[in-house]
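Here's a quick briefing for anyone meeting this structure for the first time. Have a look at it, then read on.

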Amino acid sequence: VLAATVQDLGTLGGESSVATAIDGTIVVGRAQTASGAWRAFAYDLADPGTGMVNLGTLGGFSTAEAVDGTLVTGQANVPRHEYHTFVYDLADPAAGMVDLGHRGDVSINNTSDVDQGVVVGQRVFGTRTRAFAYDTQGANPHPVSLGTVFGHSSGATAIDDGIVVGMSWRVGQDHPFAVDLADPD
């Protein structure tokens, strides 16, 4: 029989908060500030005295979606009302929230997961999306499109040891996919 005590992680001064992911003792999500703005947060269950840490913003709303070790990723809107993927290294808070940017006509990035420094998710190009991977530790970090099974849209949902999985779709058809980032083909 499982027994548990529920622990309230609090907010950033507002009324609500939502936890979205955990790795080890680090919980991440989004919480309201006293003014009602939503901000990405991290909370270390092993150090509750520190409390909920506001990870900041790129100019508006932010939410943390995944965590791996000390690396947190999520999305934040920028002043042009676009959503960009960000990373935040809890081991280097002075660096703050790092904008992974966008290319071309991309206006929305959705982050799904992070593992060993590689962030995955989907990038919106007009009416289509593409799964992407972004190696934050690479020599020349930039988003890499992972393609699609049908040629229409795809989104990466998870990564583990360099294997990315997700969904590829077109009207009436959805198929899961897997990509090994170590395989050059």
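Strands β2 (residues 26-33) and β3 (residues 38-44) pair in the antiparallel sense over seven bridges; strands here are DSSP runs of E, at least two residues long, numbered from the N terminus, and two of them pair if DSSP finds at least two bridges between them. This is a predicted model, where local features need pLDDT of at least 70, side-chain atom pairs count only at pLDDT 80 or more, and totals for chains, interfaces and linings use all residues. Residues are numbered from 1 along each chain as its sequence is written, and side-chain values use heavy atoms, leaving out hydrogens and water.

**The sheet**
- Ala31 has Arg39 in β3 as its bridge partner.
- Four strands make an open sheet in the order β1-β2-β3-β4, with antiparallel pairing.
- β1 (13-23) and β4 (53-56) are at the edges with a single partner strand each, so one side of each has no neighbour in the sheet.

**Rings**
- There's one aromatic pair, counted when ring centres of Phe, Tyr or Trp (its six-membered ring) lie within 6.5 Å, with planes under 30 degrees apart called stacked, over 60 edge-to-face and the rest tilted.
- Phe61 and Tyr83 form that pair, edge-to-face, at 6.3 Å centre to centre and 75° between the planes.
- Phe61 sits in the loop between β4 and β5, and Tyr83 in strand β7, 22 residues apart.
- Arg30 lies over the face of Trp38, 5.9 Å from the ring centre, and Arg123 over that of Phe132, at 5.7 Å; this takes CZ of Arg (or NZ of Lys) within 6 Å of the ring centre and within 35 degrees of the ring normal.
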